[in-house]
Amino acid sequence: MSDSIGMPRVRVATTSLAGCFGCHMSLLDMDERLLELAKVVEFDRSPLTDIKHCGPCDIGLIEGGVCNAENVHVLREFRRNCKTLVAVGACAINGGLPAQRNHLDLGDCLQQVYVKRDGIEEGGVPDDPELPLLLDRVHPIHEVVRVDYFIPGCPPSGDAIWKFLTDLIGGRTPRLAHPLLRFD
Amino acid sequence: MQDAERIAARAVERHRREPSQLLQILIETQDGIGHLPVESLTRIAELLDLPRSRVEGVAGFYSFLYAEPVGRYRILFSDNIIDRMLGSRELMERLCRRLDVAPGQVSAGGEASVDTTSCTGMGDQGPAILVNGLAVTRLDEARVERIASLVAAGTPLAEWPAEYFHVDDNIRRRGVLLGEDFVPGAALQAAMVRGRHGWLEEVRMSGLRGRGGAGFSTAVKWMACSEAAGADKVVVCNADEGEPGTFKDRVLLASQAERVFEGMTLAAWATGARQGLLYLRGEYRYLLKHLRAVLAVRRAAGLLGARILGEGGFDFDIDIHLGAGAYVCGEETALLESLEGKRGTPRIRPPFPVTHGYLGRPTVVNNVETLAKTTLIALQGGAAFAATGTAQSTGTKLLSISGDCAYPGVYEYPFGVTIAHVLEDCGAHDPQVVQVGGASGVTIAGHEFHRRIAFEDVPTAGAFMVFDGRRDPFEMARNFVHFFAHESCGFCTPCRVGTALLKGYMDKLASGKGAKMDLADIEWLDRLLKNASHCGLGSSAPNPVIDTLVKFRPAYERRLVSLDFKPAFDLDAALETARRMTGRDDPAAHLDWREEV
């Protein structure tokens, strides 16, 4: 990637919805290539910048699936602002680990955790309006908004994310071939 | 449960412990027990010396085999779009209400289960059902009420009104095949006089092409098998007529079985085969007795068995195998797998069946109609046969006509007939769409009715479904997509997942939650299915969607609510449980559906 002084830098936003931040850790796993990336990329809303709301961006990277109302708002904000939206990792693509609760009834889950659990004396499902409500099921992000690209992996490797971003920024249709394309 | 084991063991012994008979053994075991309990599968595996997983894999593949108990009366509604247009859904609801049973469930007392099944081949006399595997036609409210009473009273099927099980041939137009009397043995005699090579030459001159849909040259197939290495060749008749809307083979088997079996014998004469197998779809099981009787008569007349018509070295006999509700088995290599007692997973070709077919032996697989047609060639000669039809499609074609027309049934036309001509003959008053060739075929719109039925223009295995102005082409396509998703054999991912995704998109549109983006995704899926599937099922599964999207696009577009994206589910409703659990109803406890991205 060349040093593109004078060219406007590509604006990238990232977030983790119902994810474990493992995909973000993988992003950092690019190691020294992060410096090269920093020459052409500018981060908007992201755990790296702590910017709270997303502005107009070129690329949005979404980690994690959609498990609550706040996830929906954040995802919609990203979709509104990002020209290209990318589902990063197993949870964003399939719901992943959090979606294991899809086999259970949400009501039973909440009862079990906040009311019936051993050791709870005066239990109750938390009802503070500050807390986002849970959806009855965890959804992959493409079931809630339009998604342009998908990077599989749990997490995708730093190499895969690097290859994908350099393709995208370089104007090539991103293409992950073996061994970068993997689902574990 | 010793009973189950004993019944299973008896079925195994009746089939001489032959592993290739596994499917037949499972069908017979289920006939005796009602379903296939685990003990029976274990016993069958032991006796056949097969892995338990293999037996269970086969038992799980076929939709007419049941691992769990089903009702003593097992009622399956044919779910083709044509049956639906005749009111099958309403009749099924009515029957379920009367029997107090939910679709797909067994009634509390175990007397009945009611469910749907893929097209049972009765489109000209539907709505149709199968009761314990036997076809019941022309269902209406009166019949449903009566059936409910018969079931409630536990009346044995043998005592049900005989007319319920009556299946009409409904032959509406007769050409050379359906119009002429046939003397059993006459075609065989004529072919034998010509000698094996002379007979093959006649078939070559006739230009006969396969009537099962693919249209491959029959002579080339027979010659290849005849020349293939190996003495133990096989002739297989494909009577697994599963393409929705097709029933002409059913009529041939009912009214022209002599011709069909003689055609198989003619194929044996050409190729030197000694064994013949007819694969009969499970839905046509009611024909089994009749077909076996015809075989017995032919054996007695010296037309089957050793030294046929006194010719030394011409030995050939025919067995009938039953299918068990799997559309994919109509694909010839899947059919061979099924004949071998396996799951109906299509093979990779080449090698082709003519060199490596049934049990690895050189095998000719022909459609019922193709085989019946060879008797005409034997009697009249190849040149006379080629005199009708078009340059590349010689002879006549049987069409199974159903849907919005006054005279549904079987019509025999010379190839080259226009769709408009057929529509006029069958009394279609307001035809808007014709689906030619079944679910996997071609959707024909009004401006194309001048097109011709022929391999050069509109090819078909025989289905011809007519839809008038009251019908919705989108619902037709959606019905077919559901059919393919149900019938996908599950072997390759593009088809197994692709058909399920396509079904999801079509249902999303049907529920009024479609968006422009979905149409783009549907078109992408269509391409994926077409290009990446293992066999013809997957690659033709998107056909009705591709065609209707081109020719009836507004039927899709008027279902769209958004130009960008819309979830298939209701986001605000998805918060309802959490709202209830927390007792909240503040603004943050809702997701506004209008707040699109």
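**Reading contacts, cores and helix packing**

Mentor: The contact takes 21 residues from chain A and 21 from chain B, where two residues are in contact if their C-beta atoms, placed from the backbone, lie within 7 Å. This is a predicted model, in which local features need pLDDT of at least 70, side-chain atom pairs count only at pLDDT 80 or more, and totals for chains, interfaces and linings use all residues. Residues are numbered from 1 along each chain as its sequence is written, with chains lettered from A in the order in which they are written.

Trainee: Which helix gives the most to the side of chain B that touches chain A?

Mentor: Helix α24 of chain B (residues 576-582), with 5 residues. Helices are DSSP runs of H or I, at least four residues, numbered from the N terminus.

Trainee: Which residues touch the most other members of the largest nonpolar core?

Mentor: A nonpolar core is a set of buried Ala, Val, Leu, Ile, Met, Phe, Trp, Tyr and Cys residues joined through C-beta atoms within 7 Å; buried means 20 or more other C-beta atoms within 10 Å of a residue's own. Among 162 residues here, they are V236(B), V260(B) and A267(B). Helix α12 of chain B (residues 257-271) gives the most to this core, 9 residues.

Trainee: At what angle do helices α9 and α15 of chain B pack?

Mentor: Axes are lines fitted to C-alpha atoms over the stretch in contact, and angles run from 0 to 180 degrees between N-to-C directions. For α9(B) (residues 186-206) and α15(B) (residues 368-380) the angle is about 100°, with axes 8 Å apart. The two, α9(B) and α15(B), are therefore roughly perpendicular (65 to 115 degrees). Among the residues that meet are A190(B) in α9(B) and I377(B) in α15(B).

Terms used
A residue is buried if 20 or more other C-beta atoms lie within 10 Å of its own, exposed if 12 or fewer, and partly exposed in between; C-beta atoms are placed from the backbone. Angles under 35 degrees count as roughly parallel, over 145 as roughly antiparallel, 65 to 115 as roughly perpendicular and the rest as oblique.
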